[in-house]
Amino acid sequence: MFSIDRKDFGPDFTFGVATAAYQIEGGQRDGRGPSIWDSFSATPGNVHNGDTGAVACNHYELWPQDLDLIRDGGFDAYRFSFAWPRLIPEGTGAVNQAGVDYYDRLVDGMLERGIKPYATLYHWDLPSALQDKGGWMNRDIASWFADYAALVAQKFGDRLEATATINEPWCVAFLSHYLGAHAPGYRDKRAAARAMHHVLFAHGTAIDALRANGARNLGIVLNLEKSEPASDKPEDLAAADFGDAVFNRWYIEGVLKGKYPQRMTEWLADYLPANYQDDMAVVSRPLDWLGINYYTRGLYQASTKPGVPAEQVKGPLEKTDIGWEIYPKGLSDLLVRVSNDYTKLPIYVTENGMAEVEGSDDPRRVKYYEEHLKAVLNARAQGADVRGYFAWSLLDNYEWAEGYNKRFGIVHVDYETQQRTPKASYRAFQGLLPIQGETDFRLP
């Protein structure tokens, strides 16, 4: 159980859990089109054990029991994503009515259980037909994505509590087009530079399309790290600054300030789209809230490799099962920094969690969540306007290039039988939320 009390967060703080369509849905039928993750995972060497998301957690059929788990855990909200290829199989053009019907059932199921729907338009499952046209490297994706956003607003907008355009644009662009670790698997500086700009330009066009179609409470979800130097050497301090620029500042400053950090525009100068500056007013469209996903820090030292300004090193802190350092202070520091330096928008911690070993007994995860919830309280005490916290993830699921090898869920999933078993971490939230949720906050 947690030692903290829900009252510490105030009556309006939102507690939720998060998932992503490709990681849990399965259900690759009923008119759903192929995505870049289908072909990427089918290519030998890309994903651990050759795992794919073809079945995943079968949320496509088992969503009622999953929503019951959210309700019974005492959570206020469910952060989920729409699958673009389920709604528009070719990415543009014909709409798949079976996909619309599925999300109708899912959203209505949330509302029937008193769960607030927090939707994400894009969590990495780009329709393959759009990748054939260049995907995020093609400027036209901004209009394709805007049309998709308009459809979501028209079909579901009146029932959504909040909508985010894109989840983790650093992963969409840099991880997937420069480092090549995720679909579509490019390792190309020009591809990365274009994707880094187009993903934010498309975010802005989607904000315009959502607002034009009556959607409300709009934001974006950025994954941020606490970038730190491996030593006090000037070259390591410079490396940490570069790491911060590529991981954090490109996206924060682009979205909130309408400009990109000079460190990055100089590094990418030969590869950025022509006249990208003309798009910055769209990139920085006003938002209603900002989502921050946080898992760990980045520890940097100067690189000896030509053309590489910095490289990450392993730190000495305790690590999760995926090898990420456990660093709650980094969350407090990030929340305060963003609040002080970049925006007074309401902030939501839209993902936070840890990979842990098999089984339903996960005391390290319980401790992880408690320490990071305390970090949120610490940031709020320093003036950061943090309005909510979403645990990643509700279910053990398809962990992208890690396949089914890493488990982030507060609910265990037996992938053979699809049986769900709540873990100790789920019980800890259950103890925190319903009991304190019954308290009348109006009492002195």
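User: What makes α10 a kinked helix, and where is the kink centred?

Analyst: The kink in α10 is about 50° and is centred on Arg249. The bend at a residue is the angle between two fitted axes, one for the seven residues ending there and one for the seven starting there. Helices here are DSSP runs of H or I, at least four residues long, and strands are runs of E, at least two, numbered from the N terminus. This is a predicted model, with local features needing pLDDT of at least 70, side-chain atom pairs pLDDT 80 or more, and totals for chains, interfaces and linings using all residues. Residues are numbered from 1 along each chain as its sequence is written, and side-chain values use heavy atoms, without hydrogens and water.

User: How do you know that α10 is short of a straight helix?

Analyst: The expected span is 1.5 Å times one less than the number of residues. For the 24 residues of α10 (234-257) a straight helix would reach 34 Å, but the end C-alpha atoms are only 28 Å apart. Just after α10, Gly258 has a positive phi of about 70°.

User: Why is α10 called mostly covered?

Analyst: Buried means under 20% relative accessible area (exposed is over 50%, partly exposed in between; 1.4 Å probe, protein chains only). In α10, 18 of 24 residues are buried.

User: Why is Ala56 called buried?

Analyst: Its relative accessible area is 3%, so Ala56 counts as buried. Ala56 sits in the loop between α2 (36-42) and α3 (59-72), and has a positive phi of about 50° although it is not a glycine.

User: And what makes Glu168 buried?

Analyst: Glu168 has a relative accessible area of 6%, therefore it is buried too.
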